[in-house]
Amino acid sequence: MAIRDNFSYNDMDEWLNGKRVTEIECLVPDLTGVARGKILPRVKFTEDRGMRLPEIVLGMTVTGNSPEHDDAFDRAISTTDRDMILKADPGTITMVPWAVDPTAQVIHDCYFADGRLVDFAPRSVLRRVLKLYTQKGWKPLVAPELEFYLTAKNIDPDLPLAAPIGRSGRSETSRQVYSIDAVNEFDPLFEDIYDYCDMMGLDVDTLIHEIGAGQMEINFQHGEPLGLADKVFYFKRTLREAALKHDMYATFMAKPMAGEPGSAMHVHQSVVDGETGRNIFSNEDGSPSDLFRWYVGGLQRYMPSAMAIVAPYVNSYRRIVRRTAAPINLQWGVDNRTVGIRVPVSGSQDRRVENRVIGADANPYLALAVTLACGYLGIQEQLEPTPMVEGSAYKMAVELPQGLPEALTLLRREDRLRDILGERFIDVYSAVKELEHQEFMTVISPWEREHLLLHV
């Protein structure tokens, strides 16, 4: 579900007036999931006014740089720095709970001057994949589980992060997975988070303490993918703001702390018939359907080539390590958390697949787009999965790329993903990520100074 179902521009105007909003943050999620855009006074925010941003906003690295002398990138994004036209999605209008004055925020879609959606914008990529399901008469449903760390404030990036100090005056030093008392250490923060999410209509479900020191997980109610991507996008922004209010940081880095598990965005996914609502992963007698098997087969076949999208940074691959609560392959199994593709125990109507490969640092729009794309391709090509794993998949071979350059090579070579996600998106995304890796390679790490300085 969207934050506000079936909301029109007129509905949005009435809502803004009722809330006595004075400012509106007009947001566009970029490739990294960062909120770009403009802040407008309420009186200037009208449907016919529109807004513009340069296309290059969607072609920047996490450091704010853009590729140069890349022919494919230059063909996709105008070298004249032309504008995109932004149009608000009324269903995403919500308040900014931490603002001093009554302030709203709304997500915008990006259009070319001729009225076409900008095909390399993350929201457009997800819409493109969802259209394929609609054409089949299907409706995908997803439920993200988003892990994150709370850390003490750290203004020096050369220093390691540390767990924050809770109400007891002490920081965590041991594993506190599923501990209620460990969550209650930060009760004032989480009260604010739940209040903020309730005010914004984000429909968050359960909160748990994960394995790492200061590591938490928030679960979202299942729903349609675009609405859930919007909610994850908003939640990341909301959590960071709430943490700052309580003098700490919240991070969605895949591996923020050495010696601690990484953070994932596990995505439960199923597909129902658009007319009847019946889960197409189950036969009439309740047994797993062919479509279910083929969906799993598609994830196994295509997710290695999609890793650059679901593990988008050099840091992402520090999470994909054997026996660190993260998958190293795309084996599948029932109620098995060592595999990349887990099938939870459920009734036939609730049969679903959990993709455990996706990192918490992934752009939610792109992550949902690509996992649904892989499953769709599996159904289209009737790809059979490998035999189900009964024991630990940590004992099996590594099947996932071990670094960003390898992942980008696989992404660029996979024509089927290029077709389904869009050629220009793949060109823009790959060029941006390649530049990010080049930027990273100019930095010398403490490990190199510690072990190489006087020994080689």
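Select Val177 to begin: setting aside residues within four places in sequence, Val177 is in contact with His209, Glu210 and Ile211. Keep in mind as you look around that this is a predicted model. Val177 sits in the loop that runs between strand 7 (138–152) and helix 4 (180–184). Its relative accessibility is 37%, so Val177 counts as partly exposed.

**Zoom out to the whole protein**

Switch to a cartoon view, where you can look for twelve helices and 14 strands. Along its principal axes, the C-alpha trace spans about 60 × 55 × 50 Å. How does the radius of gyration fit with a compact globule? A compact globule of 456 residues would have a value near 23 Å, and the protein has 22 Å, so the two agree.

Of the 456 residues, 56% are buried. If you colour by charge, you will be looking at 49 positive and 66 negative charges, whose mean positions are 1 Å apart. The chain also folds back on itself: among contacts between residues at least 6 apart in sequence, 73% join residues at least 24 apart.

**Into the core**

Hide the surface and go inside. In soluble globular proteins, nonpolar side chains tend to be buried together. Here the largest nonpolar core holds 126 residues, and the members touching the most others are Phe235, Leu421 and Phe425. Centre on Phe425 and show what surrounds it. Beyond its neighbours within four places in sequence, Phe425 contacts Leu31, Asp119, Phe120, Val125, Ile309 and Leu366.

**Along helix 11**

Select residues 423–440, which form helix 11, and find His437 there. Is His437 buried or exposed? Its relative accessible area is 19%, and the cut-off for buried is under 20%, so His437 counts as buried. Apart from residues within four places in sequence, His437 is in contact with Val314, Leu404 and Pro405. For a distance check, pick Ala360: it is 77 residues from His437 in sequence and 19 Å away in space, C-alpha to C-alpha.

Move to the loop between helix 8 (364–381) and helix 9 (404–413), where you will find Gln382. Gln382 is not a glycine, yet its phi is positive, near 50°. At 49% relative accessibility, Gln382 counts as partly exposed.

Leu400 lies in the loop between helix 8 and helix 9 too. Its relative accessibility is 3%, so Leu400 counts as buried. Which residues does Leu400 touch, not counting those up to four places away in sequence? They are Met307, Ile320, Pro327, Ile328, Asn329, Leu330 and Val357. Draw a line from Leu400 to Leu330: these residues are 70 apart along the chain, and their C-alpha atoms are separated by 7.6 Å.

**Last stop: Asp81**

Finish at the loop between helix 2 (71–76) and strand 4 (83–88), and select Asp81. What is its phi? Asp81 has a positive phi of about 60°, although it is not a glycine. With 45% relative accessibility, Asp81 counts as partly exposed.

Conventions. Residues numbered from 1 in each chain as written. Predicted model: local features only at pLDDT ≥ 70, side-chain atom pairs only at ≥ 80, totals over all residues. Heavy atoms only, no water. Helix = DSSP H or I, 4+ residues; strand = E, 2+ residues; numbered from the N terminus. Rg over C-alpha atoms; globule rule 2.2 N^0.38 Å. Buried < 20%, exposed > 50% of the residue type's maximum accessible area, 1.4 Å probe, protein only. Contact = heavy atoms within 4.5 Å. Lys, Arg positive; Asp, Glu negative; His and termini not counted. Charge placed at Lys NZ, Arg CZ, Asp CG, Glu CD. Core = buried A, V, L, I, M, F, W, Y, C linked by side-chain atoms within 4.5 Å.
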